[in-house]
Amino acid sequence: MTVATTVKTEYEAIIGLETHCQLSTNTKIFSSSSTAFGGEPNTNIDPVCMGLPGVLPVLNAKVLEYAVKTGLALNCQIARYSKFDRKQYFYPDLPKNYQISQYDLPIAEHGWIEIELVDDAGNSTRKRIGITRLHMEEDAGKLVHAGSDRISGSTYSLVDYNRAGVPLVEIVSEPDLRSGQEAAEYAQELRRIVRYLGVSDGNMQEGSLRCDVNISVRPVGREAFGTKVEIKNMNSFSAIQKAIDYEIERQIAANEAGERIVQETRLWEEGSQRTISMRIKEGSSDYRYFPEPDLAPIEVTDQELAHWLSELPELPAQKRHRYEGELGLSPYDARVLTEDHPVSGYFESAIAAGANPKAAANWITQDIAAYLNKQKLSITEIALTPTNLADVITRIETGKISNAQAKEKLSDLLSGVSPEKAFAGQELITDPAILEPIVDDAIAANPKELEKYRNGNTNLKGFFVGQVLKKTGKRADPKLTNELVEKKLNG
């Protein structure tokens, strides 16, 4: 687990995140062009998203549904009346020279989510982070800079408008975060939520989830905020944490040196592990917002709100609490199992099939997870069904097979071999009458080791147990074998 960098105690950081989340609709927010990722540049475009004369935008109804569901999952108040606005700015990736967004009447406000921080000892701490607002807007295009990852240092730039008009929700947090660790966990919890809802895939590497950080520092005890700096260009949760921790130290050092912090936008440079200045930060007045004249106001009815609320699934935090409280799992296990919805679904199906919750959690978070990571697979791609996993666990707990036998056959089970076939003829020998003569033979065949044991080398007990397991093809019940070996050696 990543631990936040320690900063000087006489300062505290004030951190808020602006998170852009791409909604998983088939078409764009105001037109019928595809939102599919990875198409040839400038092929998923149309007159509406390009802002050609004589065309009008029409709101995609699925965008409104997904935005409201996300707002509900973030415990927000849903606006029954909201509207779109034009945000004016001039940049090559914006084909209309304005962005359709929401300004003073967003679709959702005043929410919160809970984050959970787990330390190396497995102890968890929960903290509530406020959500200021959630609003809908369209995405811009993408600039590709030749010879550099930004304009500075590039020889020329190309623009791909495929992303222009792709639907987004922007989620703005309250300045309740205090470290890079908290901010990274907040961003991860947002991704878990939108994935559970099915409204976004949350893939940061494809730009489906993008976070901008606003950060300032102030002396402990002061109420007024320091000068805010925005950080962009963070494409992983690790980068979010490292960029924030670096910026905290940079601003503290500047304050102690008597330097003035400038309100600006900075970029995170992964190679040099530092933030660098990009531009002076614009204020909202620079965008000259005004109501979007081509779109009618949005009204959410009581019936729509009730219907969308009824469709919300159990969310990650709720699952974590239930797993810990009702199933007795550790905070670590609960966290790993709820990271992805398919994993928690697999776990719960195994429980429903009769598996012991703790045993199922161990198999899924350890042996199965290791296999998935090695093979670069998801849990939906393995042939071991939750029912068969429950069967394996039950066989272990009833003494039909050992844990070691199950681990040996794991690759077969994951490939689709049934437990019946995998363990045919492999049931443990649990009858003392059968096992005792085998123990006697193992001891009699190794008189030198027996003499050493009786002269004080008691570690050799494991040697004799191993001999019994070898003679039985590992079918000897481990517990009974240990008992019999110890009895015979000491007799």
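**Note on the domains, pockets and selected residues**

1. The C-alpha centres of domain 1 and domain 3 lie 65 Å apart. This value, like every other in this note, was computed from a predicted model. The protein chain is divided into domain 1, which covers residues 11-304, domain 2, which covers 314-423, and domain 3, which covers 432-490.

2. The second largest pocket deserves attention next. Because domain 1 and domain 2 both give residues to its lining, the second largest pocket lies between them. Its volume is about 770 Å³, and the elements that give two or more residues to its lining are β6 (108-118), α3 (180-197), α4 (237-256), α7 (331-337), α8 (341-352) and α9 (357-375).

3. Which residues lie nearest the centre of the second largest pocket? They are Gln188, Arg192, Arg335, Val336 and Glu339, out of a lining of 32 residues. Sorted by class, this lining holds 14 nonpolar, ten polar and eight charged residues.

4. The count of cavities of 30 Å³ or more comes to one, and the largest cavity has a volume of about 40 Å³. Its lining is made up of Leu94, Pro95, Lys96, Tyr98, Glu138, Asp139, Ala140, Ala164 and Gly165, which divide into five nonpolar, one polar and three charged residues.

5. Asparagine 97 lies in the loop between β4 (85-88) and β5 (98-101). Although asparagine 97 is not a glycine, it has a positive phi of about 65°. With a relative accessible area of 32%, asparagine 97 is partly exposed.

6. Lysine 376, placed in the loop between α9 and α10, is another residue other than glycine with a positive phi, here near 55°. Is lysine 376 buried or exposed? Its relative accessible area is 73%, so lysine 376 counts as exposed.

7. Asparagine 362 has its place in helix α9 and, at 25% relative accessibility, counts as partly exposed. Leaving aside residues up to four places away in sequence, asparagine 362 touches Asp333 and Asp367. Aspartate 333 is 29 residues away from asparagine 362 along the chain, and the C-alpha atoms of the two are separated by 8.0 Å.

8. Asparagine 388 is found in helix α10, which spans residues 386-397. Why does asparagine 388 count as buried? Its relative accessibility is 19%, and buried means under 20% relative accessible area, so asparagine 388 falls on the buried side of that cut-off. When residues up to four places away in sequence are not counted, asparagine 388 touches Ser418 and Pro419.

9. Helix α16 runs over residues 461-471, and in it Lys461, Phe464, Val465 and Val468 are buried. Seen down the axis of α16, these buried residues fall within an arc of 105°, so they line one face of the helix. The elements against which the buried residues of α16 pack are α14 (432-444), α15 (447-454) and α17 (478-490). Just after α16 comes glycine 473, which takes a positive phi of about 65°.

Note on methods: Residues are numbered from 1 along each chain as its sequence is written. This is a predicted model: local features need pLDDT of at least 70, side-chain atom pairs count only at pLDDT 80 or more; totals for chains, interfaces and linings use all residues. Side-chain values use heavy atoms; hydrogens and water are left out. Buried means under 20% relative accessible area, exposed over 50%, partly exposed in between (1.4 Å probe, protein chains only). Helices (H or I, at least four residues) and strands (E, at least two) are DSSP runs, numbered from the N terminus. The arc is that of the directions from the helix axis to the C-beta atoms. Contact means heavy atoms within 4.5 Å. On a 1 Å grid over the protein atoms alone, a cavity is a set of points where a 1.4 Å probe fits but cannot get out, and a pocket is an open set with protein on both sides within 12 Å along at least five of seven lines; lining residues have an atom within 4 Å of a point. Grid points are joined across faces, edges and corners, and a volume is the space filled by probe spheres set on the points. Ala, Val, Leu, Ile, Met, Phe, Trp, Tyr, Cys and Pro count as nonpolar, Asp, Glu, Lys and Arg as charged, and the others, Gly among them, as polar. Domain bounds come from an automatic or database domain assignment.
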